[in-house]
Amino acid sequence: MQTKCSTLPLVLAVAVATLGGLLSVSVVLGQQKELSHMAGSYPTFFKVYSRDGRESVAASCTPVDLKPIVNQVTCKFVHVRFEPPQPDKTRIPLSTKDALDANPSLEQEVSKNPKKFEQEFIQGLEAAKQEFCSSPSKEGIAIETKMRDPGIGPKRKSYFQEMIAACSDKDPSVFFRRMLDLERRTCGLWIDHFTLDFKKVREGQWLFRQESPSLLSKVLKIYELTGDGLLWTLSETRVPTDGAEEKPTQTVWNRANFSEYELPCEFISHNLIQFP
């Protein structure tokens, strides 16, 4: 009996502590709900991803005016996208067929004397190859200098070694295929900056509608933001106008999507990054 009595205060203490903890949790949840409601009045900042994680869109938004009820915000965006390699697009024609595909107007010249055209084409490749492979050439010296750099990665060093070895091959197209191999193993990093003004449609829905296409495009863009103040979904609808070649499309970025992207390449190029 004494044991039960002595443990009673301890049990009560635990119960009170537990109750206090629950009350604290309730207060915190209530505060979070209140903050969510306050943030839900207009978008302030968000970051969303494409379904596969290849793209991310981050934005910070500010009210156009400081009225008690905000109906319009200006959002500054940073759009990041990885462009996978495109092995089917070769910039250097390596055969007569490639030359005709790149420039169909050559067909008449080829049909007159196919052997002569092919011979001159191969000679042109050989001359371009020798311009790089002749010792000493600026390109060759630059590659050898990079290979001696202790910070060079093993994959890039191996690629340079294979390119130098291709200089000794009798077929000049082998050398240029080595050059194109790097392009086929490289992803492009695309970064763009832009600003949009969103108008409130209803609670949790904001809209930007382009009135007319830009000078370089025949497509109208419509952006829609939907969310609860903390978690937002961004959609872009592209509507072609007269003369546009592309079809209507819609892209959706969401916070619940992957934030990691499995790269289908070995190198990353910064050449696609847009000027701010």
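**Close-up views of a predicted model**

View 1. Because Cys-61 belongs to strand 2 (residues 55–63) and Cys-75 to strand 3 (residues 72–83), the bond ties together parts that are 14 residues apart in sequence.

**View 2. The disulfide between Cys-133 and Cys-167.** In this pair, which also forms a disulfide, the sulfur atoms are 2.1 Å apart. The torsion about the S-S bond of Cys-133 and Cys-167 is about -75°, and the disulfide is therefore left-handed. Cys-133 lies in helix 4 (residues 114–133), whereas Cys-167 lies in the loop between helix 6 (154–166) and helix 7 (172–184), so the pair connects parts that are 34 residues apart in sequence.

**View 3. The disulfide between Cys-187 and Cys-265.** Cys-187 is joined to Cys-265 by a disulfide with an S to S distance of 2.0 Å, and the torsion about the S-S bond is about -115°, so the bond is left-handed. Since Cys-187 sits in strand 4 (residues 186–202) and Cys-265 in the loop between strand 8 (249–254) and strand 9 (267–269), the parts that are tied together are 78 residues apart in sequence. Both ends are buried: Cys-187 has a relative accessibility of 1%, and Cys-265 a relative accessible area of 16%. The count for the model comes to three disulfides, and, with bonded cysteines counted along the chain, they follow the pattern 1-2, 3-4, 5-6.

**View 4. Helix 7 and the elements that cover its buried residues.** Helix 7 has 13 residues and reaches 19 Å from its first C-alpha to its last, which is close to the 18 Å expected at 1.5 Å a residue. Within helix 7, the residues Pro-172, Ser-173, Phe-175, Phe-176, Leu-180 and Leu-182 are buried. The cover over the buried residues of this helix includes helix 4, helix 6, strand 4 and strand 9.

**View 5. The antiparallel pairing of strands 5, 6 and 7.** Strand 5 (residues 205–209) pairs with strand 6 (residues 219–227) in the antiparallel sense over five bridges, and Arg-209 has Ile-222 of strand 6 as its bridge partner. On to the next pairing, strand 6 is joined to strand 7 (residues 232–240) by nine bridges, and these two strands also run antiparallel. Leu-225 stands opposite Leu-234 in strand 7. The hairpin of strand 6 and strand 7 has four residues between the strands, and in this hairpin Gly-229 takes a positive phi near 105°.

**View 6. The largest pocket and its lining.** The largest pocket has a volume of about 670 Å³. It is lined by 23 residues, of which Arg-91, Glu-183, Thr-186, Ser-269 and Asn-271 are the closest to the centre of the pocket. Helix 6, helix 7, strand 4 and strand 9 are the elements that give two or more residues to this lining, and the largest share, four residues, comes from helix 7.

Methods. Residues numbered from 1 in each chain as written. Predicted model: local features only at pLDDT ≥ 70, side-chain atom pairs only at ≥ 80, totals over all residues. Heavy atoms only, no water. Disulfide = S-S within 2.5 Å. Buried < 20%, exposed > 50% of the residue type's maximum accessible area, 1.4 Å probe, protein only. Expected span 1.5 Å × (residues − 1). Contact = heavy atoms within 4.5 Å. Pairing = 2+ DSSP bridges. 1 Å grid on protein atoms, 1.4 Å probe; cavity = no way out; pocket = protein on both sides within 12 Å on 5 of 7 lines; lining within 4 Å. Points joined across faces, edges and corners; volume = space filled by probe spheres on them.
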